[in-house]
Amino acid sequence: MNQVTIQWDAVIALYILFSWCHGGITNINCSGHIWVEPATIFKMGMNISIYCQAAIKNCQPRKLHFYKNGIKERFQITRINKTTARLWYKNFLEPHASMYCTAECPKHFQETLICGKDISSGYPPDIPDEVTCVIYEYSGNMTCTWNAGKLTYIDTKYVVHVKSLETEEEQQYLTSSYINISTDSLQGGKKYLVWVQAANALGMEESKQLQIHLDDIVIPSAAVISRAETINATVPKTIIYWDSQTTIEKVSCEMRYKATTNQTWNVKEFDTNFTYVQQSEFYLEPNIKYVFQVRCQETGKRYWQPWSSLFFHKTPETGLKEGSYC
């Protein structure tokens, strides 16, 4: 008998899986009703009750059974009346679950499927913070990002509000994470307020407003290290060659470097323009493998490029000349 029960559990689970894969568990043909209190989407860690009510023709159910993700529940089930039962969960912590219930009908060898429902638990959104908007040179977009806070586990949408300080016109952009806004669509001058609103089934929060000027948030085209060589002079020196396709005239850059065995970076600063390939000189220890990175910003502005890709160069032993390329 136990083997028969296990086999039927598997049949029910496969039927539910097939139905779920073709439109969701709520699309199965119901012979009754299943509902959740307080709601099908609830705060993670809450106590919840799942009710099942049978409405099967010519069936007075002997037993009502609950399944979670295809596995029959054995405990915390209460029969309320002839057609209804309740399953209770304490401190429910699963982000998603597919629930369904069945009935044992007299003169029926198999359980009869009543209905199913998907449930979700999670958290309301945190207040979005660290809102940042930048324009990467040549991208044609203003890219806005923010720190969303803790994981909500449920579908959470973000609306980015962009309001011109010159025309008072406001535009809204719906997204699930960051947003790229075409600079061609920003027709309200140069000055804007930007803020982010987060919302899901459990709540809504709004960030502080960020004031921007489009000319102040441009990040120069990426700087790239192309090669390195160590020249055997009286004191050997290493030359790092690097460049950028930026058209911005006044650019401030930083190059950081360290031996690969070290944890601490050394940083060298430059004010430059990119009318020619840059050459930066370093006096390094022989026969050591070093790593280099570079980044730039428009002089006097706030935002930096991301650090460039790691560039490795091993200095030769004293008396030798050696070059490296990326």
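Colleague: What makes strand β10 (residues 129-136) and β18 a pair, and how do they run, parallel or antiparallel?

Modeller: The model is a predicted one, and in it two bridges join β10 to β18. Pairing requires at least two bridges, so β10 and β18 count as paired. The two strands run parallel, and Y136 stands opposite I219 in β18.

Colleague: Which sheet holds these strands, and in what order do they stand?

Modeller: They belong to an open sheet of four strands, ordered β14-β11-β10-β18, with mixed pairing.

Colleague: Why are β14 and β18 placed at the edges?

Modeller: Each of β14 (179-182) and β18 (218-219) has a single partner strand, so one side of each is left without a neighbour in the sheet.

Colleague: What is the order of the open sheet of five strands, and what kind of pairing does it have?

Modeller: Its order is β2-β9-β8-β4-β5, and the pairing is mixed. The edge strands here are β2 (41-43) and β5 (71-72), each of which pairs on one side only.

Colleague: What joins β15 to β16, and through how many residues?

Modeller: A hairpin joins them through two residues. Strand β15 (residues 191-200) and strand β16 (residues 203-206) run antiparallel and are joined by four bridges. Within this pair, A199 stands opposite M204 in β16.

Colleague: What makes C30 and C115 a disulfide?

Modeller: Their sulfur atoms are 2.0 Å apart. The cut-off is 2.5 Å, and the pair therefore counts as a disulfide. With 55 degrees about the S-S bond, this link is right-handed. It connects distant parts of the chain: C30 is in the loop between α1 (2-21) and β1 (32-37), whereas C115 is in strand β9 (residues 112-122), 85 residues apart.

Colleague: Why is C30 called partly exposed?

Modeller: The relative accessible area of C30 is 36%. Partly exposed covers what lies between the 20% limit for buried and the 50% limit for exposed, so C30 falls in that class.

Colleague: Why is the disulfide of C59 and C105 called left-handed?

Modeller: The torsion about its S-S bond is about -95 degrees, so the disulfide is left-handed. C59 lies in the loop between β3 (48-54) and β4, and C105 in the loop between β8 (96-104) and β9; the two are 46 residues apart. The S to S distance of C59 and C105 is 2.0 Å, and both cysteines are buried.

Colleague: What parts of the chain does the pair of C253 and C296 tie together?

Modeller: C253 lies in strand β21 (residues 251-259) and C296 in strand β24 (residues 289-298), so the pair ties together parts that are 43 residues apart in sequence. The S to S distance is 2.1 Å. The torsion about the S-S bond is 105 degrees, and the link is right-handed. C253 and C296 are buried.

Colleague: How many disulfides are there?

Modeller: The count comes to five. With bonded cysteines counted along the chain, the pattern is 1-6, 2-4, 3-5, 7-8, 9-10.

Colleague: What joins the side chains of S120 and H96?

Modeller: A polar contact of 3.1 Å joins them. The limit for such a contact is 3.5 Å, so the distance lies inside it. S120, which has its place in strand β9, is also in contact with other residues beyond four places in sequence, among them T40, I41, F42, P95 and I154.

Definitions and conventions:
Residues numbered from 1 in each chain as written. Predicted model: local features only at pLDDT ≥ 70, side-chain atom pairs only at ≥ 80, totals over all residues. Heavy atoms only, no water. Buried < 20%, exposed > 50% of the residue type's maximum accessible area, 1.4 Å probe, protein only. Polar contact = N/O pair within 3.5 Å; in protein donor to acceptor, adjacent residues only side chain to side chain. Contact = heavy atoms within 4.5 Å.
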